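Dear colleague,

Please find below the structure that I am handing over to you, together with its sequence. My findings follow directly after it.

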Amino acid sequence: MEISTNTNREEVTVNLVGSLYVEDAAILREKLLAFMESGHKQFIIKLHEVEYIDSSGLGVLVAIQKKALQKEGGVVLVGAKGIVKELFELTRLNKVFTMQP
């Protein structure tokens with residue numbers, strides 16, 4: 001999995017490429033928590049090129065969403081398609097996140 005980030009004031013844009021499994025989820029979690037500790041609270045996660053997310057990846061996104069909401073921020077998921085979009089719909093996490101095409 002490739003994880004690249006770009007910051008703009010309080011907002012962090014994260015571009016993910018590949019499949020998000022447990023090892024990558026831990027790396028993603030650490031990166032996002034570090035941004036949060038430095039004052040960022042709004043996250044845009046680009047999923048256009050994500051092929052699969054396992055339960056640990058979904059858990060990281062939920063945890064970051066929860067922490068961001070506590071700081072009056074949030075997580076926006078952009079570009080989920082195929083099986084990734086279906087995972088969010090089946091788990092009803094599409095009701096938890098703001099999802100954009």
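Predicted model: local features only at pLDDT ≥ 70, side-chain atom pairs only at ≥ 80, totals over all residues.

In helix α3, which spans residues 82-90, the buried residues are V84, L87 and F88. Viewed down the axis of α3, these buried residues fall within an arc of 95°, so they line one face of the helix. An α-helix has 3.6 residues a turn, so residues three or four places apart point the same way. The partners against which the buried residues of α3 pack are the strands β3 (42-53), β4 (74-78) and β5 (98-100), together with helix α2 (55-70). Just after α3, R92 adopts a positive phi of about 60°.

F88 deserves a separate word. Residues up to four places away in sequence aside, F88 touches L47, I53, L58, L61, L77, L93, N94, F97 and M99. F88 is also listed, with L28, F43, I45, L47 and I53, among the residues that have the most contacts inside the largest nonpolar core, a set of 28 residues. Two or more residues of this core come from each of β2 (11-20), α1 (22-37), β3, α2, β4 and α3. The largest share, six residues, is contributed by α1.

Turning to the chain as a whole, its secondary structure comprises three helices and five strands. Along the sequence they follow the pattern β-β-α-β-α-β-α-β. The radius of gyration is 12 Å, close to the 13 Å given by the globule rule for 101 residues, so the chain is as compact as a globular protein of that length. Its C-alpha atoms fill a box of roughly 35 × 25 × 20 Å along the principal axes. Of the 101 residues, 42% count as buried. Among contacts with a separation of 6 or more, 67% are between residues 24 or more positions apart.

D24 is buried yet has no salt bridge. Which side chain of opposite charge is nearest to D24? It is that of K31, and it is 9.6 Å away; a salt bridge would require a side-chain nitrogen of Lys or Arg within 4 Å of a carboxyl oxygen. Neighbours within four places in sequence aside, D24 is in contact with M1, I3 and S19.

The next is Q65, in helix α2. Is Q65 buried or exposed? Its relative accessibility is 6%, so Q65 counts as buried, the limit for that term being under 20%. Apart from neighbours within four places in sequence, Q65 is in contact with G74, V75, V96 and F97.

Setting aside residues up to four places away in sequence, V22 touches D54 and S56. V22 and L33 are eleven residues apart in sequence, and their C-alpha atoms are 16 Å apart in space.

With kind regards

Key
Residues numbered from 1 in each chain as written. Heavy atoms only, no water. Buried < 20%, exposed > 50% of the residue type's maximum accessible area, 1.4 Å probe, protein only. Helix = DSSP H or I, 4+ residues; strand = E, 2+ residues; numbered from the N terminus. Arc of directions from axis to C-beta. Contact = heavy atoms within 4.5 Å. Core = buried A, V, L, I, M, F, W, Y, C linked by side-chain atoms within 4.5 Å. Lys, Arg positive; Asp, Glu negative; His and termini not counted. Rg over C-alpha atoms; globule rule 2.2 N^0.38 Å.
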